[in-house]
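Please have the sequence and the model open beside you.

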Amino acid sequence: MFHNITEEILARMKVLEEKDAIDREDGTPRLQRLRQIPPETGKFLAIMASSSPAGNLTEVGTSAGYSTMWLSLAAKIRNQKIITFELMEEKIKLAKETFQLAKVEKWVDLREGDALVNLESVDNVAFCFLDCEKHLYFDVYNKIVPKLVPGGLLVCDNAINHRETLEPMIKFAESDERVDTILVPVGKGEFICRKT
C-alpha cells in the first residue's frame with residue numbers, strides 16, 4: 001500500500017503539508033486552517049481502514065482531503081470508496097481539487113453538507129475516521145456506533161491534544177458495552193472504539 005503511492009498523491013500531500021505548516025504559523029483563522037493530520041497518522045489510518053471488516057469506509061471532516069488520500073489507499077485495496085463528509089464550502093472546493101489532482105476520484109465519495117444529517121444514508125460502517133469540530137464528536141459517536149458492523153472501528157482524532165473537550169465522549173465510550181476502547185499515542189492521539 002505505502003510502497004505504491006502514486007506521484008500524484010505524493011505531490012498533493014506535499015502541497016497540503018506545506019500549506020498546513022504555514023497556516024499554523026501565519027495567523028490564519030482557525031476555521032480556515034486545514035488542521036490536518038500528520039503523515040504518521042495517515043499511515044496508521046490506512047492500515048486500520050484496510051484491516052477493518054467488510055462494510056463502508058467513512059470519514060467525518062474532509063477538510064482539504066489530506067486524510068482522505070491516505071484512506072483512499074485502503075479503499076483501493078478493498079475495491080470500494082471512502083465516503084467522506086464536509087460542510088464548509090471553501091474546504092469542499094479544496095477537497096475536490098485534491099481528489100482531481102491526486103487522481104483518487106475513483107476511490108472517493110465526497111458528500112457535501114451536515115454529516116449529522118447525511119450519516120443517516122450510510123449503514124454497515126466498517127471504519128469511520130472522526131476529525132470534525134470537537135464539540136460534535138459525541139453527537140457523531142451516537143450516530144456512528146449503532147451503524148458499526150461487528151468488529152467495526154471508530155477512530156477519533158485529537159484525543160490527546162483536545163482531551164478536555166472530548167472527555168465526556170471518551171468517558172462514555174469507555175463504559176459503553178457496545179465497544180472496546182483504547183487511546184493510541186499516534187499524532188495528536190487516536191481514540192479507537194471497536195464494536196463488540
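Is tryptophan 70 buried or exposed? At 4% relative accessibility, tryptophan 70 is buried (buried is under 20% relative accessible area, exposed over 50%, partly exposed in between, with a 1.4 Å probe and protein chains only). This is a predicted model, where local features need pLDDT of at least 70 and side-chain atom pairs count only at pLDDT 80 or more, while totals for chains, interfaces and linings use all residues. Residues are numbered from 1 along each chain as its sequence is written, and side-chain values use heavy atoms, with hydrogens and water left out.

Now to the rings. The count comes to four aromatic pairs (rings of Phe, Tyr and Trp, the last by its six-membered ring, pair if their centres lie within 6.5 Å; planes under 30 degrees apart are stacked, over 60 edge-to-face and the rest tilted). Two of them are set out here.

| Pair | Centre to centre | Between planes | Class |
|---|---|---|---|
| Phenylalanine 2 and tryptophan 70 | 5.9 Å | 80° | edge-to-face |
| Phenylalanine 138 and phenylalanine 172 | 5.3 Å | 55° | tilted |

Phenylalanine 138 lies in helix H6 and phenylalanine 172 in helix H7, so their pair ties together parts 34 residues apart in sequence (helices are DSSP runs of H or I, at least four residues, and strands of E, at least two, numbered from the N terminus). Phenylalanine 138 is partly exposed at 27%, and phenylalanine 172 is partly exposed at 35%. Phe138, Tyr141 and Phe172 form one aromatic cluster.

Back at the other pair, phenylalanine 2 sits in the segment before H1 and tryptophan 70 in helix H3, 68 residues apart. Phenylalanine 2 is partly exposed, with a relative accessible area of 27%.
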